[in-house]
Amino acid sequence: MARILVIRLGALGDFVQSFAPFAAIRAHHVHDRVDLLTQPAFAELGQHAPWFDHVLTDSRPPWHDLRAVMALRRMLRSYDFIYDLQTSGRSTRYFRLSGMKAWSGIGRGAVAVHDSPQRRFMHTRTRQRDQLRHAGLDSLPVPDLSWLARGGPVLPGPYAVLVPGAAAHRPAKRWPVERYAALATHLHAKGLLPVVVGSKAETPLATIIRRACPPVLDLTGRTSLLELGGVLARAACAVGNDTGPMHMAAALGVPATVLFSADSNPALTAPVGQYPGQVKVIYVRDLATVRVDRVAATLA
């Protein structure tokens, strides 16, 4: 039995985009031990997913901490093959640190190096499919996400999920919260309970939305990622910025409208759904120019 390690550190959207590659690697190594190295925020997801035997968390040791770095090196060298789905500067340094050749990634000298000159122009899913093809895996299956869909609180009646947050250091990725408030009022008039999700940092946004539409249910900071999966899976639809929960909604088959500004490119990072037309993308230079009726029309 071979020992296989998969490296996927984050962020959430990238982690979700790797569900199909995770499933492909598990299927290819059905009789082997397959472990995941990730960051603590995603450990619970990895532990409940059906693709891994063990989940390890990356302590990100500083390079001057020789004892910790050598421990990391020993851990990496304990595996027979490593799939680096992060393909970042840090994970490629892990390749060099390990001194291993049995590696799928972008480090020169790896036996399955992904050196396509088109890497930077590929959508995340396409790039991962091409990387795994270089490692001998021919296809990406549709992953079974029933383990993710069953968690979290069961909410009464039909509801729509709103995701008004995004990375705090990238404000251009956020549709103005007042537009979300107006959309919540529209959804409630249509018989849908508006549910706002996100981290505790997005609670002020939920408060603004609730002032305009008091029936709104605020779940910001109140669900784990595993619980959020269930809330999203049972939603009638989801609307949000280019951020992790929208990738999760798309992967779970929820009709989703995702708002992109010039700060990111949907051709490279748009959420991947389960069927044609499920995910609708609004892509404009400045999200402040997007009217509420334009977004509402995508939900008809």
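## Starting at glycine 13

Glycine 13 sits in helix α1 (residues 12–17); helices here are DSSP runs of H or I with at least four residues, numbered from the N terminus. This is a predicted model, in which local features need pLDDT of at least 70 and side-chain atom pairs count only at pLDDT 80 or more, while totals for chains, interfaces and linings use all residues. Residues are numbered from 1 along each chain as its sequence is written, and side-chain values use heavy atoms, with hydrogens and water left out.

Is glycine 13 buried or exposed? Its relative accessibility is 10%, so glycine 13 counts as buried (buried means under 20% relative accessible area, exposed over 50% and partly exposed in between, with a 1.4 Å probe and protein chains only). Leaving aside neighbours within four places in sequence, glycine 13 is in contact with Gly244 and His247, where contact means heavy atoms within 4.5 Å.

In soluble globular proteins, nonpolar side chains tend to be buried together. A nonpolar core here is a set of buried Ala, Val, Leu, Ile, Met, Phe, Trp, Tyr and Cys residues joined through side-chain atoms within 4.5 Å. The largest one has 51 residues, of which Phe19, Phe22, Ile25, Trp51, Trp147 and Val161 touch the most other members. Helix α2 (residues 19–28) gives the most to this core, with six residues.

Let's look at tryptophan 147. Setting aside its neighbours within four places in sequence, tryptophan 147 is in contact with residues including Phe19, Trp51 and Leu226. There is also a second, separate core of 26 residues, and Leu183, Leu192, Ile209 and Ile282 are among them.

## Helices α8 and α9

How do helix α8 (residues 177–189) and helix α9 (residues 203–212) cross? Their axes come within 8 Å and cross at roughly 45 degrees. The axes are lines fitted to C-alpha atoms, for helices over the stretch in contact, and angles run from 0 to 180 degrees between N-to-C directions. That angle makes α8 oblique to α9 (under 35 degrees is roughly parallel, over 145 roughly antiparallel, 65 to 115 roughly perpendicular and the rest oblique).

On the α8 side, Val177, Tyr180, Ala181, Ala184 and Thr185 make the contact, with Leu205, Ile208, Ile209 and Ala212 on the α9 side.

## Helices α10 and α11

Helix α10 (residues 225–233) and helix α11 (residues 244–251) have axes that come within 9 Å and cross at roughly 50 degrees. These two helices are therefore oblique to each other. Here Leu225, Leu228, Gly229 and Leu232 of α10 meet Pro245, Met248 and Ala249 of α11.
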